[in-house]
Amino acid sequence: MAASALIVPLKRRKVNAEEEFCDEFLKLEDDLCKKLSPLVFSSPITHVYNPLEYARETHEDYVKKYCKAGQKVLFLGMNPGPFGMAQNGVPFGDTKHVIDWLEIKGSVEKPVREHPKRLIHGLDCTRAEVSGSRLWGFFQEHCKSPETFFANCFIHNYCPLVFMKSSGKNVTPPQLPKKERETLLELCDKSLADVVKLMGVKIVVGVGKFAEERAQKALKDSNVEIYSIMHPSPASPAANSGWNNIALTKLTDLDLMCYIKNEHLNPVLS
């Protein structure tokens with residue numbers, strides 16, 4: 001018998017289209033992380049966390065549960081908060097909402113160099129992330145189930161890195177030294193453009209003006225509509241005076257609540 005007759009063809013693994021899409025999304029994030037990894041940040045920055053690395057399991061669970069082709073609206077945050085995504089890998093990741101509403105699971109490791117005043121507790125973190133509590137709480141109130149919200153929308157952060165001073169105080173990307181900031185923004189702009197192209201979203205909503213401005217720059221050659229809503233940070237007096245109502249008014253005026261609630265979609269964009 002010829003040797004070739006003994007060869008049994010290997011059965012090709014059937015790849016789920018949604019799984020393949022999520023893998024492409026995660027690869028774009030991995031590519032960004034590789035480019036950000038060599039960057040050095042000078043004083044006053046003493047510690048830099050990347051939750052896409054040490055909170056990989058929970059972040060992947062978030063992406064694989066909720067990121068999918070066909071979502072029309074991308075809500076864009078700036079970068080991880082110390083008690084949100086920094087803890088669990090989920091954008092605006094207030095622990096209560098991450099566990100109870102999004103039902104995210106997975107283990108969280110430690111950053112390579114952990115700040116003694118900003119310890120990582122993963123899904124055991126007991127401190128609330130106020131911005132995340134407000135943002136996810138808003139979507140929970142109006143959507144009831146995550147499936148309703150994620151039918152048309154997704155939440156992603158522009159920059160995956162957390163920056164801290166020796167005191168443990170958070171430093172945002174706009175506060176970085178100019179030269180270091182420009183290098184960071186160039187890489188994050190390119191990654192955002194790639195993410196938007198992959199997802200095919202039609203609308204980007206910056207959560208805060210910084211995210212809106214970066215989206216405008218990164219997507220200037222696209223046909224994507226770009227807007228913003230007020231950031232829900234407790235550092236903002238305006239946000240502390242009824243952020244939910246302010247956000248609802250703005251999103252209603254922009255005709256975006258139909259996408260959030262998955263109802264009566266505009267046929268042009270649906």
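Colleague: Where is the place of aspartate 255?

Modeller: In this predicted model, aspartate 255 sits in the loop between helix H10 (243-253) and helix H11 (257-260).

Colleague: Why is aspartate 255 called exposed?

Modeller: Its relative accessible area is 57%, and the word exposed applies over 50%. The value passes that cut-off, so aspartate 255 counts as exposed.

Colleague: What makes the phi of aspartate 255 worth a remark?

Modeller: Phi is near 60° there, a positive value in a residue other than glycine. Asparagine 262, in the segment after H11, also has a positive phi, of about 55°, although it is not a glycine.

Colleague: Why does asparagine 262 count as partly exposed?

Modeller: Asparagine 262 has 38% relative accessibility. Partly exposed covers what lies between the buried limit of 20% and the exposed limit of 50%, so that is the label for asparagine 262.

Colleague: Let's turn to glutamine 87. Why does glutamine 87 count as buried?

Modeller: Glutamine 87, found in helix H4 (residues 85-88), has a relative accessibility of 1%. Buried means under 20%, therefore glutamine 87 is buried. Leaving aside residues up to four places away in sequence, glutamine 87 touches Pro82, Val108, Leu119, Ile120, His121, Gly122 and Cys125.

Colleague: What makes the pair of proline 82 and glutamine 87 a polar contact?

Modeller: A polar atom of the glutamine 87 side chain lies 3.3 Å from the backbone oxygen of proline 82. The limit for such a pair is 3.5 Å, so the distance falls within it.

Colleague: Now the sheets. How do you know that strand E6 and E7 pair?

Modeller: Strand E6 (residues 203-207) and E7 are joined over five bridges, in the parallel sense. Pairing needs at least two bridges, so E6 and E7 meet that condition. Along the way, isoleucine 203 stands opposite glutamate 225 in E7.

Colleague: What is the order of the four strands in that open sheet?

Modeller: The order is E3-E2-E6-E7, with parallel pairing. Strand E3 (153-157) and strand E7 (225-229) are the edge strands, each pairing on one side only. From one strand to the next, the twist averages 25°. Helix H8 (residues 178-199) packs on this sheet, touching strand E2 (73-77), E3 and E6. The direction of H8 makes about 160° with that of E2.

Colleague: Which elements do the buried residues of H9 pack against?

Modeller: They pack against E2, H8, E6 and E7. Among the buried residues of helix H9 (residues 209-218) are Phe210, Glu212 and Arg214.

Colleague: How do you know that strand E4 and E5 pair?

Modeller: Two bridges join strand E4 (residues 162-164) to E5, and the strands run antiparallel. At least two are needed, so E4 and E5 count as paired. Methionine 164 stands opposite asparagine 170 in E5.

Colleague: Why are strand E1 and strand E5 said to stand at the edges?

Modeller: This open sheet of three strands has the order E1-E4-E5. Strand E1 (47-49) and strand E5 (170-171) each have a single partner strand, so one side of each lacks a neighbour in the sheet.

Colleague: What makes the reach of helix H6 close to the expected value?

Modeller: H6 (residues 130-143) has 14 residues and reaches 20 Å from its first C-alpha to its last, against 20 Å expected at 1.5 Å a residue. Lysine 144 follows H6 and has a positive phi, near 70°.

Methods:
Residues are numbered from 1 along each chain as its sequence is written. This is a predicted model: local features need pLDDT of at least 70, side-chain atom pairs count only at pLDDT 80 or more; totals for chains, interfaces and linings use all residues. Side-chain values use heavy atoms; hydrogens and water are left out. Axes are lines fitted to C-alpha atoms, for helices over the stretch in contact, and angles run from 0 to 180 degrees between N-to-C directions. Contact means heavy atoms within 4.5 Å. Buried means under 20% relative accessible area, exposed over 50%, partly exposed in between (1.4 Å probe, protein chains only). The expected span of a helix is 1.5 Å times one less than its number of residues. A polar contact is a pair of N or O atoms within 3.5 Å; within protein, one must be able to donate a hydrogen and the other to accept it, and residues adjacent in sequence count only if both atoms are side-chain atoms.
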